[in-house]
Amino acid sequence: MSRDQLLDEIREVNLSYLLLAQRMIHEDRAEAMYRLGLSEQVVEIIEKLTMAQIIKIASSNLLICGFRFNEDVIWNLLTSHGKDAEIARMHASLLMAGAPALEATPA
Amino acid sequence: MAKSVIAEARDIQLAKELIELGARLQVLEAETRLSREKLLRLYKEIQGKSPPKGMLPFSTDWFMTWQPNIHASLFMSIYRYIDKSMELEQIEVVLKAYRLYREHIKAHGMEEVLSITRAWRLVKFFDAGMLTTTACRGCGGQFVVHTFELTDDYVCGLCNVPSRAGKTKRRLQEQLAAV
């Protein structure tokens, strides 16, 4: 994959993420906060972004969204297979729902 | 006092959402100010039949058995997440958390163990201080327990799955069908 192509694809993921996030926040704020794993402050920032701002933010060489968990235990549960996979996924969801939302750090 | 039409419209909308999710009449009576007659009519119109009669399950013990405990704990995690994120009426939080719980269950093709009525009861048991959650020593997740239980060494039903766990009737039928 050429570097230009890579940058294009990163921009597309960023753009999709921001547009989807905005739509979700608009439709059901509380539900969106749960699905996105973001705090009220961050949600407010995303909500107010203009189209021009979204395009600018999306055009980066970095992905703007990352994983919402770092814990080994969740990774192990999500990647487990076999006969207990169903239980493991339920376990992972429970732990993810219990994790705190990502907060905006004050400047 | 004259009833506000707007408040009534809001109550009807709320009752409708609850009935669609399968809530029992007692839940509707507790959460709205609509008359019993109106609720009955609404119920029949939406569900096409009369609501089931009889009392609501009142015991906290059901939530302690293996499968219900996991489902109740998942629901409660979602409930608390939403409750912390936004200022909403309690019943709104119950509805949102329940929809998300159900979505999860469906996505994984699992059985819906917790009904909306049970979920609502669960939240009331928490309000009354009869149930609470405690952290599992193994995974750190929060699980539903009786308030005055000794839980220093609590290990959840997901870290320590009992050997018969998940052997439901439905699963058995699926296995038989596959043979």
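Biologist: How many residue pairs are in polar contact between chain A and chain B?

Modeller: Happy to start there! This is a predicted model, in which local features need pLDDT of at least 70, side-chain atom pairs count only at pLDDT 80 or more, and totals for chains, interfaces and linings use all residues. Residues are numbered from 1 along each chain as its sequence is written, chains are lettered from A and ligands numbered from 1 in the order written, and side-chain values use heavy atoms, without hydrogens and water. A polar contact is a pair of N or O atoms within 3.5 Å; within protein, one must be able to donate a hydrogen and the other to accept it, and residues adjacent in sequence count only if both atoms are side-chain atoms. Between chain A and chain B, with both residues at pLDDT 80 or more, the count of residue pairs is five.

Biologist: Thanks! Which element gives the most to the side of chain A that touches chain B?

Modeller: Helices here are DSSP runs (H or I, at least four residues), numbered from the N terminus. Helix H2 (29–36) and helix H6 (85–98) of chain A are the elements that give two or more residues to that side. With 10 residues, the one that gives the most is H6(A).

Biologist: Which residue of chain B meets Asp28(A) in a salt bridge?

Modeller: A salt bridge puts a side-chain nitrogen of Lys or Arg within 4 Å of a carboxyl oxygen of Asp or Glu. Two salt bridges are counted between chain A and chain B. In one of them, at 2.7 Å from N to O, the side chain of Asp28(A) meets that of Lys96(B).

Biologist: Good to know. Why is the pair of Trp62(B) and Phe63(B) edge-to-face?

Modeller: Rings of Phe, Tyr and Trp (its six-membered ring) pair if their centres lie within 6.5 Å; planes under 30 degrees apart count as stacked, over 60 as edge-to-face and the rest as tilted. By this rule there are 10 aromatic pairs over all chains. The centres of Trp62(B) and Phe63(B) are 5.1 Å apart, and the pair is edge-to-face because the planes stand at 85°.

Biologist: And is Phe63(B) buried or exposed?

Modeller: Buried means under 20% relative accessible area, exposed over 50%, and partly exposed in between (1.4 Å probe, protein chains only). Trp62(B) is partly exposed at 23%. Phe63(B), by contrast, has a relative accessibility of 1%, so this residue counts as buried.
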